[in-house]
Amino acid sequence: MTTGFFWDERCFWHGGGNYAGLLQVGGLIQPGGGLPENPETKRRLVNLLRVTGLWEALDTQSADPATQEDLLRVHPESYLRQFKEMSDEGGGELGLRTPFGPGGFEIASLSAGLAKSALFSVLHGTHQNAYALSRPPGHHCLPDFPNGFCLLANIAIAVEAARAEGLIDRVAIIDWDVHHGNGTEAIFYDRADTLTISLHQERNYPLDTGDFADRGSGSGEGFNLNIPLPPGTGHVGYVEAFERLVLPALQDFQPDAIVIACGFDAGLVDPLSRMITSCETFRAMTDMVMEAAVDLCDGRLMMAHEGGYSEVHVPFLAHSVLEAMSGSDIHAEDPFQQKFEGQQPTDRFNRYVSQLIAEMEVALGY
């Protein structure tokens, strides 16, 4: 079976808002640049895949938008109505840094539909694994409040749609976006059927969520795992955290499928993080999670694109993930590899990160 790649040019047309970086234009903030979340990281990935030839190894297709019924399993009707009305009237901004233009509701529904179709294709056995190039992203979106560029909770919508069809029960969601996956966490925080794991830069975004002590509530107690890592963690620390914390959590949970909130903003030159990772790091994490999926759930693995804001680096980071997912020999060398190697943490810093990981490991009883 091939790797499914779900994408749609219309998702690249999402936009809106008068921003310069993360700041709204006005006062002393001069216009220019726009939000860091822009279509070029995604469009350049598609172009890179075509130029290297990896595109031909993937089963590329679009998908239907998520239905109103799909959306209502996660988001209240009042929020969806407000979003749709504002979209029909030309766009605007509902939450925090979530601008959209005319037709923004339809584009966001299509983005969620890509994630849904990618997951369904894996659960139906059409693809061994699948990647959804979703835009706008989704992991910061709360049921009734969009924020951090996220307008609909793409992964949660996909998972709940699959559950409604009786295709799945226990799902593990691993979020390796550099920012805490607060929306996904909130949606499943009191649920025992969903393991949510977020591996992120500590106190990056949001500032008030993502603590290790937040383990879930009610029947969901113990089914949420936050792994906050210090700025500058680098390749060794990421791999160690994955091996010592993420993989044991998956083994304990025994999921029916694994879903990755696949952000690339931990990359070396990303403007919104300081985590010093490379294609090597993302390939290593992908290899590990694929092995875990084979061991635990017949290889059923879906990834949905989240953050990543370096127009130059993100295409190469994502290419490395798709190389691993598809088992292709086609390789796109990381253009920042030499810089990456020169800026990796010292042994002293790696020992510090290792101690932090060990403390979490002990607390979890691994």
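Is N147 buried or exposed? I will come to that in a moment, after a word on conventions. What we have here is a predicted model, in which local features need pLDDT of at least 70, side-chain atom pairs count only at pLDDT 80 or more, and totals for chains, interfaces and linings use all residues. Residues are numbered from 1 along each chain as its sequence is written, and side-chain values use heavy atoms, with hydrogens and water left out.

So, to the opening point: N147 counts as buried, at 5% relative accessibility, where buried means under 20% relative accessible area, exposed means over 50%, and partly exposed lies in between, with a 1.4 Å probe and protein chains only. If we set aside neighbours within four places in sequence, N147 is in contact with L96, T98, H140, C141, L142, N182 and Y205, contact being heavy atoms within 4.5 Å. V25, by comparison, is 122 residues from N147 along the chain, and the two C-alpha atoms are separated by 18 Å.

Let me turn to the sheet. It is open, it has eight strands in the order β4-β1-β7-β12-β11-β8-β9-β10, and its pairing is parallel; two strands pair if DSSP finds at least two bridges between them. At the edges are β4 (58–61) and β10 (224–229), each of which pairs on one side only. Neighbouring strands are turned against each other by 15 degrees on average, direction ignored, with axes taken as lines fitted to C-alpha atoms, for helices over the stretch in contact, and angles running from 0 to 180 degrees between N-to-C directions. Within the sheet, β7 (residues 129–132) and β12 (residues 301–305) pair in the parallel sense over four bridges, and A132 has A304 as its bridge partner in β12. Helix α9 (residues 314–326) lies across β1 (3–6), β4, β7 and β12, and runs at about 160 degrees to β7.

Next, helix α7 (residues 234–253), whose 20 residues should span 28 Å at 1.5 Å a residue, which agrees with the 27 Å between its end C-alpha atoms; the expected span is 1.5 Å times one less than the number of residues.

Finally, the charged side chains. Counting a salt bridge as a side-chain nitrogen of Lys or Arg within 4 Å of a carboxyl oxygen of Asp or Glu, the total comes to 19. One of them joins R10 and D8 at 2.8 Å, N to O, and D8 is buried, with a relative accessible area of 9%. Another joins D193 and R163 at 3.6 Å, N to O. That pair links distant parts of the chain, 30 residues apart, since D193 is in the loop between α6 (182–188) and β9 (194–201) and R163 is in helix α5 (residues 154–164). D193 counts as buried at 18% relative accessibility, as does R163 at 15%. D193 also meets R191 in a salt bridge, at 3.0 Å, N to O, and R191 is partly exposed, with a relative accessible area of 23%. Elsewhere, salt bridges that share partners join E69, D70, R73 and K116 into one network.

Terms used
Helices (H or I, at least four residues) and strands (E, at least two) are DSSP runs, numbered from the N terminus.
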